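Good morning, everyone. Please look at the sequence and the structure on the screen while I walk you through a few aromatic side chains and their surroundings.

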Amino acid sequence: MPPWESHASSCVTHSEFAKTQARSMRQVHIAWENLFVDYDGSTVPIIDASTGEITQAQIFVATLGASNCTCTTPCQTTADWIGAQVQAPQSFGGVPDRWSLTRPVR
């Protein structure tokens, strides 16, 4: 609070500012603390080069909190999911403190 602003004035200023903000949960992320992983929900066509067969695969997304680091890869099977979990920290150059699913499995 600037020295020329009273506490009451500061509260009014903050209240006015708060009214302009969207009501959403703000999260504070510490660098390298958490790796958020999930499927994008979209699918992409995967074309087998030898047979021409087209299959659909979901997109695996891993994002480090407090950064712009994101890793994506097509993923459809359990083996793909496990491989993507290994690939993500390799692409970031390190391992976070913990992994978090952005949406719990139901």
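**An aromatic cluster and the core beside it**

Tyr39 is partly exposed, with a relative accessible area of 23%. Please bear in mind that this is a predicted model.

Which residue pairs with Tyr39? The ring of Tyr39 forms an aromatic pair with that of Trp81. The two centres are 5.2 Å apart, and with 40° between the planes the pair is described as tilted. This pair joins distant parts of the chain, since Tyr39 belongs to strand S1 and Trp81 to helix H2, 42 residues apart.

Trp81 is also partly exposed, at 22% relative accessibility. Its ring has a further partner, Phe60: the centres are 5.2 Å apart and the planes stand at 85°, so this pair is edge-to-face. Here again distant parts of the chain are linked, with Phe60 in strand S2 and Trp81 in helix H2, 21 residues apart.

Is Phe60 buried or exposed? Phe60 is buried, because its relative accessibility is 0%, and the cut-off for buried is under 20%. The structure holds 2 aromatic pairs, and ring pairs link Tyr39, Phe60 and Trp81 into a cluster.

Let us turn to the core. The largest nonpolar core has 10 residues, among them Phe60, Cys71, Cys75 and Phe92. Strands S1, S2 and S3 and helix H2 each supply at least two residues of this core. In soluble globular proteins, nonpolar side chains tend to be buried together.

Finally, consider Cys75. Leaving aside residues up to four places away in sequence, Cys75 touches Tyr39, Phe60 and Trp81, and also Ala57, Gln58 and Asp80.

Note on methods:
Residues are numbered from 1 along each chain as its sequence is written. This is a predicted model: local features need pLDDT of at least 70, side-chain atom pairs count only at pLDDT 80 or more; totals for chains, interfaces and linings use all residues. Side-chain values use heavy atoms; hydrogens and water are left out. A nonpolar core is a set of buried Ala, Val, Leu, Ile, Met, Phe, Trp, Tyr and Cys residues joined through side-chain atoms within 4.5 Å. Buried means under 20% relative accessible area, exposed over 50%, partly exposed in between (1.4 Å probe, protein chains only). Helices (H or I, at least four residues) and strands (E, at least two) are DSSP runs, numbered from the N terminus. Contact means heavy atoms within 4.5 Å. Rings of Phe, Tyr and Trp (its six-membered ring) pair if their centres lie within 6.5 Å; planes under 30 degrees apart count as stacked, over 60 as edge-to-face and the rest as tilted.
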